[in-house]
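Here are my notes after a look through this one. Have it open in your viewer as you read.

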Amino acid sequence: MVEIAGVSRVFGTVAAVSNATLHVDRGDFLTVVGPSGCGKTTLLRMIAGFDRPDAGEIRIGGVRMDRVPAWQRSIGMVFQKLALFPHMTAAENVAYPLKMRRFDPARIPGLVDDYLALVRLAEFKDRRPHELSGGQQQRVAIARALVFGPDLLLLDEPLSALDRKLREDMQLEFRRIQQELGVTTINVTHDQREALVMSDRIVVMEGGVIQQADDPVSLYRRPENPFVARFIGVTSMFPGRVTAETPEAVTVTAGEATLKARGGAALGAGAAVECAIRAEQIAIGPRDGAPRFENAVDGIVRQRIFEGERMVYAVEVPGLGGAVLNVFDHDPVSHSVYDEAQPVRLEWAARDLIAFPAGPAPAVTTEHKPTGSLTT
Ligand SMILES: Nc1ncnc2c1ncn2[C@@H]1O[C@H](COP(=O)(O)OP(=O)(O)OP(=O)(O)O)[C@@H](O)[C@H]1O
């Protein structure tokens with residue numbers, strides 16, 4: 001449905017987007033996620049037609065977009081700053097794009113009612129924006145973006161102005177509507193949770209470069225470089241060196257510890273590595289407990305935070321050069337609780353420790369489902 005091939009955009013000396021290649025299947029919800037300044041809005045603006053690539057090409061529905069102006073593209077948009085017309089009712093706001101596109105006036109009231117019902121605002125149709133809550137206003141914006149049946153929906157941080165509870169409700173609401181209509185959607189956000197909750201596929205960007213594109217579970221399970229490992233989930237990192245390697249497992253020395261890590265990376269004995277371990281994969285227990293996993297290190301609790309559904313520990317590990325590892329205990333009610341300054345043992349399975357080659361992340365552009373090459 002959307003094909004982006006080798007797209008670059010440079011502003012002066014800033015490479016906002018570098019050689020981005022990705023595709024979005026019809027009906028998919030794709031989220032571009034990355035920290036502030038990573039280039040995600042620039043990419044979205046080029047898809048919308050508000051800006052043009054310096055190199056590469058964008059196709060929507062098989063058609064090259066080079067000479068198609070924004071207003072001729074069949075795209076609905078919802079942005080963080082809502083552009084609802086304050087003097088119009090919800091129904092008039094939703095009718096607006098239909099009037100602009102010269103829909104048959106006899107069809108307009110029915111379409112407006114259908115789309116207000118879709119976003120569960122049927123009984124609010126006569127209210128003006130200031131008479132609606134933030135979430136309700138956002139629903140009007142969604143109805144207005146979709147009512148004319150666009151081929152593509154673009155979302156640019158549409159939920160970031162909402163408070164947390166409302167934002168989480170609206171994430172599910174967006175997903176419900178998107179699945180009900182089957183509209184192809186590209187969303188940009190800096191919020192990794194939002195990306196995981198809403199998307200069929202996620203593209204992680206950093207420094208204008210696509211770092212990884214994958215479905216949410218694969219991205220979480222198999223980050224391809226330290227940036228993705230750190231950005232998605234809560235991950236602790238520490239340096240090490242490979243001492244032995246088989247296809248199944250890598251043996252790493254890190255500080256005074258010898259650890260087993262997930263295999264398959266073909267690093268080679270002697271390679272310097274960055275080790276990554278997720279907070280929820282680490283088990284915390286007493287130092288004299290029976291061993292449970294291949295890897296074990298002794299540490300001292302430096303911080304403990306009770307978040308209700310989980311306990312969050314920061315544990316200093318002198319044997320790992322003083323690295324501080326984040327640990328989640330997701331059953332803090334039935335498990336023992338450890339105090340600050342208390343000695344503990346941390347354990348985790350070999351399959352959960354990832355050894356990445358040390359050094360700058362390679363500029364990889366990976367696609368889980370590769371498409372054929374594009375021809376002009
Ligand atoms: N019109 C412009 N002129 C000059 N530089 C720009 C312009 N637009 C974007 N940039 C630069 O390009 C880079 C990418 O910007 P972009 O807005 O795409 O990032 P972003 O990931 O959307 O960030 P944020 O989450 O903060 O909106 C940044 O370094 C930004 O300063």
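This is a predicted model: local features need pLDDT of at least 70, side-chain atom pairs count only at pLDDT 80 or more; totals for chains, interfaces and linings use all residues.

1. Next, have a look at helix α2 (residues 90–100) against helix α3 (residues 108–118): the two pack at an angle of about 125°, and their axes are 9 Å apart. That angle is why α2 counts as oblique to α3; roughly antiparallel would need an angle over 145 degrees. As for handedness, α2 makes a right-handed crossing with α3.

2. Which residues in α2 and α3 meet? On the α2 side they are Ala90, Ala91, Val94, Ala95, Leu98 and Lys99, and on the α3 side Ile108, Leu111, Val112 and Leu116. By class, the residues of this contact of α2 with α3 come out as nine nonpolar, no polar and one charged. Lys99 in α2 is the charged one, as Lys counts as charged.

3. On to the aromatics: the count comes to three aromatic pairs. One of them is Phe227 with Phe231, a stacked pair at 5.6 Å centre to centre with 15° between the planes. The planes fall under the 30 degrees used for stacked pairs.

4. Where do Phe227 and Phe231 lie? Both are in helix α8 (residues 226–231), four residues apart, or about one turn of the helix.

Key:
Residues are numbered from 1 along each chain as its sequence is written. Side-chain values use heavy atoms; hydrogens and water are left out. Axes are lines fitted to C-alpha atoms, for helices over the stretch in contact, and angles run from 0 to 180 degrees between N-to-C directions. Angles under 35 degrees count as roughly parallel, over 145 as roughly antiparallel, 65 to 115 as roughly perpendicular and the rest as oblique. A crossing is left-handed if the near helix is turned anticlockwise from the far one by less than a right angle, and right-handed if clockwise. Contact means heavy atoms within 4.5 Å. Rings of Phe, Tyr and Trp (its six-membered ring) pair if their centres lie within 6.5 Å; planes under 30 degrees apart count as stacked, over 60 as edge-to-face and the rest as tilted.
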